[in-house]
Amino acid sequence: MSCGKGKMCGGVSNVPTEADEKIQTICDGVKAAAEEKAGKKYEVFKAKSYTSQVVAGTNYFIKVHVGEEDHVHLRVWEKLPHQGSGTELSAIQQGKSHSDPIEHF
């Protein structure tokens, strides 16, 4: 069910947006946590696109290029200011490609 302007009812955007400087900064901030969860180091960690979900803060679902043809999807929670601000890696999906859609996970 769509609520218009690329948003799904419930606050989830269903149309990926090209990653900008803010999204890359979020990715840079959770890179170490992503590497720890994945059990590997990434020489490349370039945000490509994202969707978002408004909750008590914002969940970002971000497609990240990690080298060659490999991508990962990140779910990152950005806290509200009264919660102490900051971001936190909630989950990572490995083994993704450039063409895989970003989905809620």
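Buried means under 20% relative accessible area, exposed means over 50%, and partly exposed is in between, with a 1.4 Å probe and protein chains only. By that scale E88, at 37% relative accessibility, counts as partly exposed.

First, the ground rules. This is a predicted model, where local features need pLDDT of at least 70, side-chain atom pairs count only at pLDDT 80 or more, and totals for chains, interfaces and linings use all residues. Residues are numbered from 1 along each chain as its sequence is written, and side-chain values use heavy atoms, with hydrogens and water left out.

Now confidence. pLDDT is the predictor's confidence in each residue, from 0 to 100. The protein has a mean pLDDT of 89, and 89% of its residues reach 70 or more. Residues 1-9 have pLDDT below 50, and beyond near neighbours in sequence this stretch has 17 contacts in the model; contact here means heavy atoms within 4.5 Å. Where pLDDT is low, the predicted coordinates should not be read in detail.

Next, the overall layout. There are one helix and eight strands, and from the N terminus on the order is β-β-β-β-α-β-β-β-β. Helices (H or I, at least four residues) and strands (E, at least two) are DSSP runs, numbered from the N terminus. Of the 105 residues in the protein, 38% are buried. The protein exposes about 6200 Å², of which carbon and sulfur atoms supply 49%; accessible areas come from the Shrake-Rupley method with a 1.4 Å probe, and for residues only the protein chains shown count as cover. Among contacts with a separation of 6 or more, 44% are between residues 24 or more positions apart.

On to the core. A nonpolar core is a set of buried Ala, Val, Leu, Ile, Met, Phe, Trp, Tyr and Cys residues joined through side-chain atoms within 4.5 Å. The largest one has 20 residues, and I23, F45, I62, V64 and L74 touch the most other members. At least two residues of this core come from each of α1 (21-38), β5 (46-55), β6 (57-67), β7 (70-78) and β8 (87-96). The largest share, six residues, is supplied by α1.

Which residues does I23 contact, leaving aside its neighbours within four places in sequence? They are A47, Y50, Y60 and I62.

Further along, V30 also lies in helix α1. V30 is buried, with a relative accessible area of 3%. Leaving aside neighbours within four places in sequence, V30 is in contact with L74, V76, T87, E88 and L89.

In strand β5 we have S49. S49 is buried, at 14% relative accessible area. Not counting residues up to four places away in sequence, S49 touches P16, T17, E18, A19, F61, I62, K63 and I102.

Now the salt bridges. I count a salt bridge when a side-chain nitrogen of Lys or Arg is within 4 Å of a carboxyl oxygen of Asp or Glu. A search of the whole structure finds four, and I will go through some of them.

K31 pairs with E35, with the closest N and O atoms 3.8 Å apart. These two are four residues apart in helix α1, so about one helical turn separates them. K31 is partly exposed at 24% relative accessibility, whereas E35 is buried at 10%.

E35 also forms a salt bridge with K41, at 3.7 Å from N to O. K41 is exposed, with a relative accessible area of 70%.

The side chains of K79 and E88 meet in another salt bridge, at 3.8 Å from N to O. As for shared partners, salt bridges join K31, E35 and K41 into one network.

Last, a backbone point. Where is E68? E68 is in the loop between β6 and β7. Its phi is near 50°, a positive value in a residue other than glycine. Most residues other than glycine have a negative phi. E68 counts as exposed, at 74% relative accessibility.
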